[in-house]
Amino acid sequence: MRKPKVLFAASEVYPFAKTGGLADVGYSLPKALANAFDVAVVMPLYHTVDRQKYAIEGPTDSFDVMLGSERRTVSLYESRYEERTYLFVYEPQLCDRDYLYGPPGEGYDDNAERFGLFSYAVTELARAMQSDIVHLNDWQTALAALIIADDETLKARTVYTIHNLAYQGDFPKKALSALGIDKRHFTLEGIEYYDRVNLMKAGIGYADAVTTVSPTYAEEILTHRFGCGLEGYLEKHRTRLSGIANGIDTEHFSPQTDKSLLRPYKTPRGKLSNKKRYLEDAGLEDAGLPLFIFIGRFTWQKGIDMLLEALPQMAALPCNIAILGEGEPRYHPRFEAVAEAHPNLHLFFGYDEALAHRMYAAADFLLMPSLFEPCGLNQMIAAHYGAVPIVHAVGGLADTVAPITRMQETPTACGITFDEATPEALLAAFETALELYRDAKAWSRAATHNMHADVSWGQSASAYAALYRKISGSAVK
Ligand code: ADP
């Protein structure tokens, strides 16, 4: 029997282009589904993508799409990477930029056209490839759900996954004509949002199934607090909405085989040589002190303001803290001011995949005080590398990190969880972590538990497979 054909479309896919967790999912979920489905992944061929390194060949084909009244030619490129098919679409306006979406903290003015064009290209590919399922991810591909729903000649079913509801692809009304969207969709039921075009709504309103990246976040986004203004719209489409937690690719993120590490390891004890080396490289002292790390985008979502408020008091305690991140530059001087007064705080502003891996291997604890978190991957990576996460218990963090007091009864990774998004609560959790660390056996038990916890795609890939089958069998259109 032929495997159903899935076209998985995302605006970033590891290792070709990555700004966050979406890229990791773009790599690892199709890989986890490859046994049961014939999966091709498609993304834009940004000029930052290393064509040589990944043997990206082409153009293998080209086709035209209409962007409003304009005809645009899209070139197709391909790569077989780790035995999977990756397709890349190239068009100058979409691809020839220094950044994927815009400089740090900003979006390019023409992102509606850029990603509208990508969505049209995805649709045409689905037609040419006769895809059974088109799996769309975030607002950058959401318009494809509307285009496919609107086109009787296209038989593909669509899944739309919300990776982060805070980024909705919200544009001035003129995007409607620029993207050639029929006016009848510019309604409250369609993609209108306060007289603007909202591309996220195209995914939610028109896809055959809508998912988000954890069960708790799927509930949270129906509320005013987490719904980012779309809670009412989501409520209307609730019967098609479900939450499937992300996993991590445990081959790529494996402390046993990770080539970025000084010394691969199987048990928490093996972390020590990596920790010593990391501390040396970072100019930090005393491997006997617990090492806390933070890795992530500098943006309010990640609880950076809360972290900055608590940081001077945390750094005054017996510990080392290392921070790796990039994002809104306004945060840099505030971090630097704390680091000046506290030499046990190390900062690295930028994006460095190998350094991130070395930090996970070195860390005793991961700080993740996100105000909201659709799923989050860092906590799972950290746990798999034998660190104990300290998390604000929201969204995917609540689903993937159980309180350490429940360690005996749960297969989920464990950590120190707190419920209030305040610097005081974070500080209290930090102090609990110090206490745990003082009891070497207790810390080691938690770290060992985490290294064995199931953070893989296993169950979640099965849930996506079941969803694909369900919608292919139905006549939703
Ligand atoms: P996001 O909201 O950014 O998608 P996730 O927790 O889902 O957050 O995924 C973040 C991913 O990006 C993880 O693989 C993490 O290790 C990585 N990451 C984030 N910031 C950096 C950085 N500055 N350098 C290297 N890797 C980073």
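**Reading the backbone of this model**

Biologist: Let's start with Glu-82; where is the place of Glu-82?

Modeller: Glu-82 sits in the loop between strand E4 (70-81) and strand E5 (84-90). Helices (H or I, at least four residues) and strands (E, at least two) are DSSP runs, numbered from the N terminus. This is a predicted model, where local features need pLDDT of at least 70, side-chain atom pairs count only at pLDDT 80 or more, and totals for chains, interfaces and linings use all residues. Residues are numbered from 1 along each chain as its sequence is written, and side-chain values use heavy atoms, with hydrogens and water left out.

Biologist: What is the phi of Glu-82?

Modeller: Glu-82 has a positive phi, about 50°, although Glu-82 is not a glycine.

Biologist: How do I read the accessibility of Glu-82?

Modeller: Buried means under 20% relative accessible area, exposed over 50%, and partly exposed in between (1.4 Å probe, protein chains only). Glu-82 has 39%, so Glu-82 is partly exposed. Asp-286 has a relative accessibility of 46% and therefore counts as partly exposed too.

Biologist: Now the cis bonds: which residue is joined to Pro-15 by a cis peptide bond?

Modeller: Tyr-14 is, with omega about 5°. Pro-15 belongs to the loop between strand E1 (5-9) and helix H1 (21-33).

Biologist: And what is the omega of the peptide bond from Gly-58 to Pro-59?

Modeller: Omega is near 5° there, and the bond is cis. Pro-59 is found in strand E3 (residues 57-67).
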